[in-house]
Amino acid sequence: MLIRQDQGFDHSIASEITPAHVYAQRRTFLQQMAAAGMLAGSAAAWAQATPRPGKLSPLNSRVSTLPGAQATDAVTPYKNASTYNNFYEFGTDKSYPAQAAHTLKTQPWTVEIEGLVKKPGKLNLEDLLKLSPMEERIYRMRCVEGWSMVIPWVGYSLAELIKKVEPLGNAKYVEFVTLADPKTMPYVGSRVLSWPYVEGLRMDEAMHPLTLLSFGMYGEVLPNQNGAPVRLTVPWKYGFKSGKSIVKIRFTESQPATAWNKAAAHEYGFYSNVNPNVDHPRWSQASERRIGDGGLLAKKVKTLMFNGYEAQVGQLYAGMDLTKNF
Ligand code: MTE
């Protein structure tokens with residue numbers, strides 16, 4: 001059992017948490033085993049220790065060297081990251097997506113590129129997977145509800161895709177439309193949100209190298225409940241900005257109308273940058289609980305400005321009033 005104090009955080013169930021360096025060692029070990037053709041036995045043992053829902057296969061990735069891409073915080077156990085989810089198309093309870101998302105059909109899958117771009121069209125998943133080399137990045141992810149996780153994602157910067165489709169000069173925003181299929185998603189049609197779930201970023205946010213188009217996590221293909229086969233991860237923003245199961249990427253001149261902003265504009269702004277100094281109208285945003293860290297009894301930790309990515313992204317918001325642009 002590993003007992004470790006990280007940045008002053010007290011992990012009450014230390015055996016539940018895999019510190020980042022141990023996680024990295026395990027990955028290197030697995031990569032070496034794979035290279036030596038010895039993986040079958042050990043991978044099976046690893047999979048048994050943490051049962052995976054659905055069929056997963058390893059993604060070929062290298063560890064990112066991008067500044068800010070490797071959080072050194074303890075990595076959240078896979079079992080928490082894949083069973084405590086928000087994916088309202090499968091229900092509003094955090095346990096529903098892991099139980100219900102097996103109905104999501106992730107192949108064939110196409111992502112349509114639309115709007116103000118020189119090269120609109122449809123990209124199938126295979127094209128997307130080949131578009132740029134995959135990287136693993138360990139990101140802190142902070143949910144607007146006050147909990148957080150640390151997840152090793154696999155993907156590449158969204159900027160790689162954007163550069164290939166050549167946005168026009170008047171494209172100021174990027175809109176992400178996600179799948180809304182009532183046949184496979186039982187809560188599509190419910191009144192909790194308007195469907196499809198739509199999110200958006202300003203062009204410079206979308207082009208920021210930290211904005212990741214993700215296809216996997218923990219070195220494997222994304223489980224359905226985490227947004228398979230392709231989702232966004234924007235680590236300095238509240239989790240709801242990271243749309244799951246994306247089917248359309250649209251380039252627009254005006255700010256997209258996003259799902260949570262349409263549902264409650266005074267509570268969920270377009271920017272939604274993690275900001276401990278700007279409270280949600282109904283609760284403080286100054287601290288958070290790490291999921292896997294002792295459940296509701298876990299000690300809270302301080303939330304960091306831009307979720308700890310201020311050095312990388314702070315300049316995107318220079319001169320903006322962040323209490324108005326929340
Ligand atoms: N994407 C879609 N399509 N539907 C959703 O309900 N929930 C968002 C975001 N993306 C959501 C979504 C919210 S509120 C959060 S916190 C994150 O997904 C959760 O991602 P995770 O389950 O992989 O941690």
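Predicted model: local features only at pLDDT ≥ 70, side-chain atom pairs only at ≥ 80, totals over all residues.
I started with Glu-166, which sits in the loop between H6 and E6. Helices here are DSSP runs of H or I with at least four residues, strands are runs of E with at least two, and both are numbered from the N terminus. Glu-166 has a positive phi of about 55°, even though it is not a glycine.

Residues are numbered from 1 along each chain as its sequence is written, and side-chain values use heavy atoms, with hydrogens and water left out.

Next I looked for cis peptide bonds. I found one joining Trp-195 and Pro-196, with omega about 0°; Pro-196 belongs to the loop between E6 and E7. Another joins Ala-228 and Pro-229, with omega about -5°. I placed Pro-229 in the loop between strand E9 (220–221) and strand E10 (231–233).

Then the sheet. I read its strand order as E3-E2-E11-E6-E7: five strands, open, with mixed pairing. (Two strands pair if DSSP finds at least two bridges between them.) Strand E3 (121–124) and strand E7 (198–202) are at the edges with a single partner strand each, so one side of each has no neighbour in the sheet. On average, neighbouring strands of this sheet are turned by 20° against each other, direction ignored.

I zoomed in on E6 (residues 173–178) and E11 (residues 246–252): they run antiparallel and six bridges join them. Val-174 stands opposite Phe-251 in E11. Helix H6 (residues 158–165) packs on the sheet and touches strand E2 (110–115), E3, E6 and E11; contact means heavy atoms within 4.5 Å. The direction of H6 makes about 60° with that of E11. (Axes are lines fitted to C-alpha atoms, for helices over the stretch in contact, and angles run from 0 to 180 degrees between N-to-C directions.)

Last, the ligand. Which residues are the closest to it? I listed Tyr-88, Glu-89, Arg-231, Ser-242 and Lys-244, out of 15 residues that surround the ligand (a heavy atom within 4 Å counts as near). A polar backbone atom of Tyr-88 is 2.7 Å from an oxygen atom of the ligand. A ligand nitrogen atom is 2.8 Å from a side-chain N or O atom of Glu-89. For Ser-242, a backbone N or O atom lies 2.8 Å from a nitrogen atom of the ligand. The protein buries 95% of the 530 Å² that the ligand exposes when taken alone (Shrake-Rupley method, 1.4 Å probe).

Technical notes:
Polar contact = N/O pair within 3.5 Å; in protein donor to acceptor, adjacent residues only side chain to side chain.
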